[in-house]
Amino acid sequence: MGEFDVVVVVAGPAGSVAAYALARRGKRVALLDRARFPRPKLCGGLLTWKSMRLLGAVLGLDAPFLLESGVINYASDRYSIFGPRQLLAAGQLSFPFHFTDRNRFDALLLECAARAGAQVFEETQVASCVPHKGVVTTTAGREIRAHYLIGADGVNSVVRSCFPHDRVDRDRWKWNLAPAIEISLPPDRFPRPVDHPELHIGMLDAGYGWVFPNRDRVVLGICGLRRNISNYSNKFREYLEYLDISDPSGISLKGHPLPYGNYLEKPWCGRTLLAGDAAGLVEPLFGEGIFFAMASGLYAGKSVAKALEHGGNSARFYEQRLHGQLLPELKASDRLRWLLFRGVNLLGDRALGLFVRAASRRLGDMVHGKRSYHWTRKKNWDFLKGCQ
Ligand SMILES: Cc1cc2nc3c(=O)[nH]c(=O)nc-3n(C[C@H](O)[C@H](O)[C@H](O)COP(=O)(O)OP(=O)(O)OC[C@H]3O[C@@H](n4cnc5c(N)ncnc54)[C@H](O)[C@@H]3O)c2cc1C
């Protein structure tokens, strides 16, 4: 491997968008991932308005192209929210949710980064790094050096684990880590047709279940803080029974942790920035992570490019973007989730139904990112203002 300005550790949405942003600015970028793409990734694949706008504005991937190419395989502007016993709220949104298959989605983002000029190294697993020096060591024992590292290696980040202990509050990280279990079924194994996304609340203290439509499958899962639950697999099988899925015990389950309120305030150390799940940047109410991965990857890539071009501190540039654009949203959504989850525990799920019905348009726009999670404010995303 040659000389690089930046090594981006892994090619999920955060890493590929970071590598794309850097390569577009003529930087020498190595993008490493342990997988060969396309590779499977457990995810509901729901994309909000802000994700679609970012894909179009930053990567030139507009909705008609994504739909025609099959990378997005379903869209619906309707939703339903169920409590344990009844439908609580249902309605129409100002913009559809789009659904993607992550195998194809992640492969497309990787292709964008490669086309922009990033050098891609698949089947290259990172074993460790030295964040202050910008050195990465692979499991094959190869050392790669660069001026900067971007760690976008997901929730169990090796890069983050190499940060000094005082940089990450490990107890807080553990407390907020939510187990998530998800399966997909052929539509005829689901007891009824599913043509729009459904949320199911009330079975977890701080979490929810989902049923998402797709062209040729139904995706269902649960995610929530561990709190009083000792066996998550049993909880998921109860959910399958509640949904009237036949023979739930015969279905093999897949799980992956979700950073559900873990956002780090300072996800950097020395020459290294963290982005996406590695920095805990997932929205704490609905668990939306794809947008926050792409946006933080974009900001990390641009911050490093700026530091390479003009000198200065990449972390300072990154801090401005994170604290200006993403963290205020994550913090406001964190407050809202406790208000809603505690409200359900205290007042029952009917109260939530009343609230959602009364504020449905505003809530829908908040989830989509047209409106801020600060409730009264419109959200102005800088990547839509041509802020390069
Ligand atoms: C069950 C479930 C459902 C979800 N549903 C949704 C949803 O519907 N919508 C939504 O917006 N978000 C959803 N999320 C969250 C979303 O999947 C993540 O937030 C998002 O994938 C984070 O992207 P990332 O780029 O940070 O990391 P990831 O997508 O996790 O990518 C990490 C990459 O790291 C690679 N890797 C890891 N370690 C190493 C290593 N040591 N060396 C080399 N490569 C390595 C992996 O191969 C992978 O390619 C869901 C999550 C779960 C668990």
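# Chat on a predicted model

Biologist: Starting with Gly-60: buried or exposed?
Modeller: Gly-60 is exposed, at a relative accessible area of 56%. The model is a predicted one.

Biologist: Where is Gly-60 found?
Modeller: In the loop that runs between α2 (49-59) and α3 (63-68).

Biologist: And how far is Gly-60 from Cys-112?
Modeller: The C-alpha atoms of Gly-60 and Cys-112 are 9.5 Å apart in space, while in sequence the two are 52 residues apart.

Biologist: Changing topic. What does the secondary structure come to?
Modeller: The chain has 11 helices and 16 strands.

Biologist: Why does the radius of gyration agree with a compact globule?
Modeller: Because a compact globule of 388 residues would have a radius of gyration near 21 Å, and the chain has 20 Å. Along the principal axes, the C-alpha trace spans about 60 × 45 × 45 Å.

Biologist: What share of the residues is buried?
Modeller: 57% of the 388 residues in the chain are buried.

Biologist: Contacts between residues at least 6 apart in sequence: what share joins residues at least 24 apart?
Modeller: 70% of them.

Biologist: What about charges, how many positive and how many negative?
Modeller: There are 52 positive and 37 negative charges, and their mean positions are 5 Å apart.

Biologist: On to rings. How many aromatic pairs?
Modeller: The count is 14 aromatic pairs. One of them is Phe-291 with Phe-383: the ring centres are 6.0 Å apart and the planes are at 50 degrees, so this pair is tilted.

Biologist: Which parts does the pair of Phe-291 and Phe-383 tie together?
Modeller: Phe-291 is in helix α8 (residues 290-310), and Phe-383 is in the segment after α11 (360-368), so the pair links parts 92 residues apart in sequence.

Biologist: Are those two, Phe-291 and Phe-383, buried or exposed?
Modeller: Both Phe-291 and Phe-383 are buried. For Phe-383 the relative accessibility is 3%, and the cut-off for buried is under 20%, so Phe-383 qualifies.

Biologist: What does Trp-381 form with Phe-383?
Modeller: A stacked aromatic pair, with 5.8 Å from centre to centre and 25 degrees between the planes. Trp-381 is buried, with a relative accessible area of 3%.

Biologist: Last one: which residues form an aromatic cluster with Trp-210?
Modeller: Tyr-74, Phe-99, Tyr-208, Phe-212 and Phe-286 form one aromatic cluster together with Trp-210.

Conventions:
Residues are numbered from 1 along each chain as its sequence is written. This is a predicted model: local features need pLDDT of at least 70, side-chain atom pairs count only at pLDDT 80 or more; totals for chains, interfaces and linings use all residues. Side-chain values use heavy atoms; hydrogens and water are left out. Helices (H or I, at least four residues) and strands (E, at least two) are DSSP runs, numbered from the N terminus. The radius of gyration is taken over C-alpha atoms; the globule rule is 2.2 Å times the number of residues to the power 0.38. Buried means under 20% relative accessible area, exposed over 50%, partly exposed in between (1.4 Å probe, protein chains only). Contact means heavy atoms within 4.5 Å. Lys and Arg count as positive and Asp and Glu as negative; His and the chain ends are not counted. The place of a charge is taken as NZ of Lys, CZ of Arg, CG of Asp or CD of Glu. Rings of Phe, Tyr and Trp (its six-membered ring) pair if their centres lie within 6.5 Å; planes under 30 degrees apart count as stacked, over 60 as edge-to-face and the rest as tilted.
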